[in-house]
Amino acid sequence: MDAERLNAKLAPESIAATLIHAGLFLTAYELIKPQIIESVREFFWRGMKDGKMLYDESAYARGVLALNPGSKYLASCAWLVSMDALTDGQVATLGEIRTHRNEIAHELPKLLVDPDFEVRTDLLAAAVECVRCLGVFWGSIEADANPDFDGQEIDYDGIKSGPYLLMEYLASIAGVGSRGEGE
């Protein structure tokens, strides 16, 4: 039985599917991370002076970093929850995504040959949904701040960010659904 499972895992179509899922998972994480850390910091941007970006450092420290002084990532996640961009459940899932991303990135050979180690497509689908939620949140802020949209009705839930469109496309190629649907 173990030889059969190993042979199935090493079959060319299985290797190809595993590499596609692994690549999509790594891509998802790299699309999520800046929307959490960098975009939250950019929310406190206040302009430019002498060619340098200016931020309201005290507001950022009080409003974000104080939420988890040991981790900009977790502090930013907590701020996003307080802003209703993400739920506590999504943040917990993002922690699982981060852990699984590290397993994939650091143990790729094991992923290719161990029949018991697979890319968690449930987390992949959840990652797509997190990218969607973050895109809606940041897109709604952009729309609300843009005077071109004054007086217009905006379908905020219909906002599709560039990262989300990329994730949605890649997930469809990999056969992974979004909004919590796995293979």
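## Salt bridges

A search of the whole structure, which is a predicted model, finds ten salt bridges (a side-chain nitrogen of Lys or Arg within 4 Å of a carboxyl oxygen of Asp or Glu). One of them joins Asp2 and Arg5, with an N to O distance of 4.0 Å. These two residues lie three positions apart in helix α1, so about one helical turn separates them. Asp2 is exposed, with a relative accessible area of 58%, whereas Arg5 is partly exposed at 30% (buried is under 20% relative accessible area, exposed is over 50%, partly exposed is in between, with a 1.4 Å probe and protein chains only).

Arg120 and Asp122 form another salt bridge, and their closest N and O atoms are 2.8 Å apart. Both partners count as partly exposed: Asp122 has 41% relative accessibility, and Arg120 has 33%. In a further salt bridge, the side chains of Lys160 and Glu168 meet at 4.0 Å, N to O. Lys160 is partly exposed at 47% relative accessibility, and Glu168 is partly exposed with a relative accessible area of 28%. Salt bridges with shared partners also link Asp2, Arg5 and Asp116 into one network.

## Basis of the values

Residues are numbered from 1 along each chain as its sequence is written, and side-chain values rest on heavy atoms, without hydrogens or water. In this predicted model, local features need pLDDT of at least 70 and side-chain atom pairs count only at pLDDT 80 or more, while totals for chains, interfaces and linings use all residues.

## Overall fold

The chain has eight helices and two strands (DSSP runs of H or I with at least four residues, and of E with at least two, numbered from the N terminus). Read from the N terminus, the order of elements is α-α-β-β-α-α-α-α-α-α.

Along the principal axes, the C-alpha atoms of the chain fill a box of roughly 65 × 40 × 35 Å. Of the 183 residues in the chain, 39% are buried.

Helix α7 holds Leu134. This leucine is buried, with 0% relative accessibility. Leu134 and Tyr164 are 30 residues apart along the chain, and their C-alpha atoms are separated by 8.7 Å.

## Largest pocket

The largest pocket has a volume of about 290 Å³. A pocket is an open set of points on a 1 Å grid over the protein atoms alone, where a 1.4 Å probe fits and protein lies on both sides within 12 Å along at least five of seven lines; lining residues have an atom within 4 Å of a point. The volume is the space filled by probe spheres set on the points.

The lining consists of Ser39, Glu42, Phe43, Trp45, Trp138, Ile141, Glu142 and Ala145. Helices α2 (12-42) and α7 (121-145) are the elements that give two or more residues to this lining. Of the elements, α7 gives the most, with four residues. By class, five lining residues are nonpolar, one is polar and two are charged (Ala, Val, Leu, Ile, Met, Phe, Trp, Tyr, Cys and Pro count as nonpolar, Asp, Glu, Lys and Arg as charged, the others as polar).

## Nonpolar surface patch

Leu6, Leu10 and Val113 make a nonpolar surface patch of about 220 Å². Patch residues have over 30% relative accessible area and no salt bridge, and nonpolar side chains are joined within 5 Å; areas come from the Shrake-Rupley method with a 1.4 Å probe. Leu10 sits in helix α1 (residues 2-10). This leucine is partly exposed, with a relative accessible area of 39%.

## Loop residues with positive phi

Most residues other than glycine have a negative phi. Asp50 has a positive value, near 55°. The residue lies in the loop between β1 (45-49) and β2 (52-55). Asp50 is exposed, with a relative accessible area of 72%.

Asp84 also has a positive phi, near 65°. Its place is in the loop between α4 (72-82) and α5 (88-106). Asp84 counts as exposed at 69% relative accessibility.

Note on methods
Patches are made of residues with over 30% relative accessible area and no salt bridge: like charges are joined within 9 Å, nonpolar side chains (Val, Leu, Ile, Met, Phe, Trp, Tyr) within 5 Å.
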